[in-house]
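Dear colleague,

I am handing over the structure we spoke about, and below it you will find notes on what turned up when it was examined. Please read them with the coordinates open beside you.

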Amino acid sequence: MLLTFQALFQMEKLLYYATFLAALSSIVVLLFVCLTNKNGLPRSWPLLGNMPALITNFHRLLEWCTIVTERSGCTIHFKGSWLLPFDMLVTVDPANVQYTSSTKFSNFPRGEKSRELFDVFGEGYFNLDSKEWSNHRRIFRAFFNHKQFREVSIKKALEKVEKGLIPILDKVANRGAGVSDGTVIDLQEVFQRYTYDLTHSMVTGFDPNSLSLQWPDVPYSRFMNIAMEAVFFRHFLPERVWRTQRFFGLGQEGALKKAKEFLNEFSAQRVAMKQNEMDGRGNGGKDTTSAALTWFFWLLARNPSVAVKIKEELCDNIPKDKAAHTLHLFNQEELNKLVYLHAALCETLRLYPPVPFQTRSAIEPDILPTGHNVIPGKTMIIIPLYIMGRMTSIWGKDSQEFKPERWIMEKGGIKHEPSHKFFTFNSGPRICLGRELAFVQMKVMAAAIIHNYDVNVLEQARKPLNSVILHMKDGLHAKLTKKWD
């Protein structure tokens, strides 16, 4: 009798769960039908525009936008609402990218809306347009192109790896404590400290030595990350909502207010140390380079055959008068020969661009090459680099694969892709001045770790953080083993 009651009870539980799952499935199907049209694109509602679909999919925003952008033919028009009083024109079409960033560059500045969203950067280079921007651009171009600057940049990167990185990784590999929890270390934080020290050392002449065995607290990075997350949410929250949050100091805006207070004080201190416009010049390189390195090592863990090829290339390019199976740090001449490593970094930047999207606004009414109208004050153009790198119409059927070979020519050199297709370093007059410096910093760090250590990444599943810098959510934890004594 007892068994009969238990069996009935179990059956009742199963029936309950089955009913619940059926109801949940029906709700999901109903939501999909209500929020999308017959083509699988977001449905536009009176007063609400496309906001319901955007809110419903916000937890997987990048993946969802990739799907709907592919379905729409590389350009999709998101209608605004009474809460979001402007439309978003999301485009990854190379013709539109070239048109807005080069052909009609003067008509598509960052605009007032972008400056308001990125007010954390104040009046720095990042937020400038027109004549002011041109004047600063000339100064920075001379700065980055100066032979002495390039030489010092390489020297400081090598010194940072030798005196900062290697002692830390040796201690972690030898089960040392003080910089990590046991033998586990967060590589993302290592890369952030590396680029943080290099940026401040180059711009101010002062090295904060955050990448050291002392492992000091770095509040700047913490507060800048908070600020970048808040700016990201501003792009997708109705303006009335985030303005209200800012007024009352709530949510992301409350955190942003505290971050800005610290960053303003920090910048004032650096100005006294001969650092000008730190937010506009320094932070971008620091965060973008470290983000790229983080995704690079994560991709290597998921694609071990690529890691093997890089290791072989490194060994092949060690001078013959030096032992290949000993600790070695690669100099500039040796780094220039690492074609496959360079290709793997390009492939990382294609799939995980450190800046996942850029925005543009029009000064005068215009029509894009795809036929879409752009209305000043009512249309915000968003170029999502993360999505662009995943489009089959742009990169082929293997666009989702990590394939460094796509960057190598038949004769063995690096294949050039037009900047309006590979938009990671921008295009046209705003093309990144620090591109070569970024590659040098990444190669110095990547070569040193891959050649001298075996890296065991602990997490195979990782997602991007919702931020204007594509950091990895929760970091990249790994265990290291020294290859050589």
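At its relative accessibility, does Cys315 count as buried, partly exposed or exposed? Before the answer, please keep in mind that this is a predicted model. Cys315 has a relative accessibility of 27% and therefore counts as partly exposed, whereas Cys74, with a relative accessible area of 7%, is buried. As for disulfides, a search through the whole structure finds zero.

The sheet

Four strands make up an open sheet of mixed pairing, and their order is E1-E2-E7-E4. Its edge strands are E1 (75-78) and E4, each of which pairs on one side only, and from one strand to the next the twist averages 20°. Helix H3 (residues 61-72) packs on this sheet, where it touches E1 and E2, and the direction of H3 makes about 115° with that of E1.

Strand E7, which covers residues 379-384, deserves a description of its own. With strand E2 (residues 87-91), E7 pairs in the parallel sense over four bridges; within that pairing, Asp87 stands opposite Thr379 and Leu89 stands opposite Ile381. With strand E4 (residues 357-360), E7 runs antiparallel, and four bridges join the two; here Thr359 is the residue that stands opposite Ile382 of E7.

How are the side chains of E7 arranged, and are they buried or exposed? In a regular strand the side chains alternate between the two faces of the sheet. In E7, Thr379, Ile381 and Ile383 point one way while Met380, Ile382 and Pro384 point the other way, and all of them are buried. The strand is accordingly described as mostly covered, with six of its six residues buried.

A pair of helices

Two packed helices are described by the angle between their axes and the distance between the axes. For helix H13 (residues 304-316) and helix H15 (residues 339-351), the axes come within 8 Å and cross at roughly 145°. On the H13 side the contact is made by Val306, Lys309, Ile310 and Glu313, and on the H15 side by Val339, Tyr340, Leu341 and Ala344. Sorted by class, this contact of H13 with H15 holds six nonpolar residues, no polar residues and two charged residues.

Two individual residues

Thr288 is found in helix H12, which spans residues 278-302. Its relative accessible area is 19%, and because the cut-off for buried is under 20%, Thr288 is counted as buried. When neighbours within four places in sequence are left aside, Thr288 is in contact with Pro354, Val355 and Ile469.

Asp129 has its place in the loop between helix H5 (111-117) and helix H6 (130-145), and at 10% relative accessibility Asp129 counts as buried. Which residues does Asp129 touch, if those up to four places away in sequence are not counted? They are Pro109, Arg110, Gly111, Arg115 and Arg430. One of these, Gly111, lies 18 residues from Asp129 along the chain, and the C-alpha atoms of Asp129 and Gly111 are separated by 7.5 Å.

With kind regards

Terms used
Residues numbered from 1 in each chain as written. Predicted model: local features only at pLDDT ≥ 70, side-chain atom pairs only at ≥ 80, totals over all residues. Heavy atoms only, no water. Buried < 20%, exposed > 50% of the residue type's maximum accessible area, 1.4 Å probe, protein only. Pairing = 2+ DSSP bridges. Axes fitted to C-alpha atoms, helices over the stretch in contact; angles between N-to-C directions. Contact = heavy atoms within 4.5 Å. Nonpolar A, V, L, I, M, F, W, Y, C, P; charged D, E, K, R; others polar. Disulfide = S-S within 2.5 Å.
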